[in-house]
Amino acid sequence: MIDEKFAKIVKTITGEVVAVRRPPDLDALKTRLQAVLDKGIMSLAVVLKHSALYPDHETQVGELASSLGFTQVSLSSIVMPMVKMVPRGFTAAADAYLTPHILRYVETFSSGFDKGLRGVPVYFMQSDGGLTNVSSFSGHKAILSGPAGGYVGYALTTSQYDPNSSQVIGFDMGGTSTDVSRYAGDY
C-alpha cells in the first residue's frame, strides 16, 4: 500500500495507476535552463524516465523551457512514445538538433517561390518512406528520408519496366554512408 502523504496517485496514459513520489522542481530547473540559454543553446531535448507512461512531467518541463525562450523543445514522449528510455532519448536529441535546420531549410526553400508557396500543398519524404505535410516534418522524421526515397523510387520504376521481376536490390552510396535495401514486391 502506498502512503499518500508521501506520493501523489495518478493515472497513466495506459490507465494504470502509479505513485508520483516527487514532481520536478521547476524553480530549480528554471535556473539551470536559463544557464543553458545564456550559453546560446536554443534547442532542448527533454527525456524523463517514465514519460512514456506519464508524460505530464515532460510537458511541464517543455512548457517551462518554451516560456524561457528555447526555440526548439523536443519531448521524448511526443517524438518517440515508447517505454525504452535510451532510444527515446536518442530520438529526442536528434530531433532537437535537426529540426531547427530543417525549419530553416524549408523557410529558405519556400521563400524562393512567389507567395512563399502559400496555399500549395508541400510534402516531404520521411524515414519510413511515407510523405508528410511540410508543417509536420521534423528532424527525427528526416534522418533516413533520402534512402527511403531511393527505395520507393527504385521499387516503382523497376516494377514498371519488368513487372515479372520478383526482387530488386538497391544500393545508395553517398559521401558518408552506404545503404543497401531489397524490394520483393511489397514494402
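For the charge count here, Lys and Arg are taken as positive and Asp and Glu as negative, with His and the chain ends left out, and each charge is placed at NZ of Lys, CZ of Arg, CG of Asp or CD of Glu. On that basis, the mean positions of the 16 positive and 17 negative charges of the protein chain sit 7 Å apart. The model is a predicted one, in which local features need pLDDT of at least 70 and side-chain atom pairs count only at pLDDT 80 or more, while totals for chains, interfaces and linings use all residues. Residues are numbered from 1 along each chain as its sequence is written, and side-chain values use heavy atoms, without hydrogens or water.

As for the overall build, the C-alpha trace of the protein chain spans about 70 × 45 × 35 Å along its principal axes. Of its 187 residues, 30% count as buried (under 20% relative accessible area with a 1.4 Å probe, protein chains only; exposed is over 50%, partly exposed in between).

Now to the aromatics: there are four aromatic pairs in the structure (Phe, Tyr or Trp rings, the six-membered one for Trp, with centres within 6.5 Å; planes under 30 degrees apart are stacked, over 60 edge-to-face, the rest tilted). Y105 and F109 make a stacked pair, 6.0 Å centre to centre with 20 degrees between the planes. Both belong to helix α4 (residues 85-111), and because they are four residues apart there, about one helical turn separates them. F109 is partly exposed at 32% relative accessibility. The rings of F109 and F113 have centres 5.2 Å apart and planes at 65 degrees, so this pair is edge-to-face. Y105, F109, F113, F124 and F137 together form one aromatic cluster.

Key
Helices (H or I, at least four residues) and strands (E, at least two) are DSSP runs, numbered from the N terminus.
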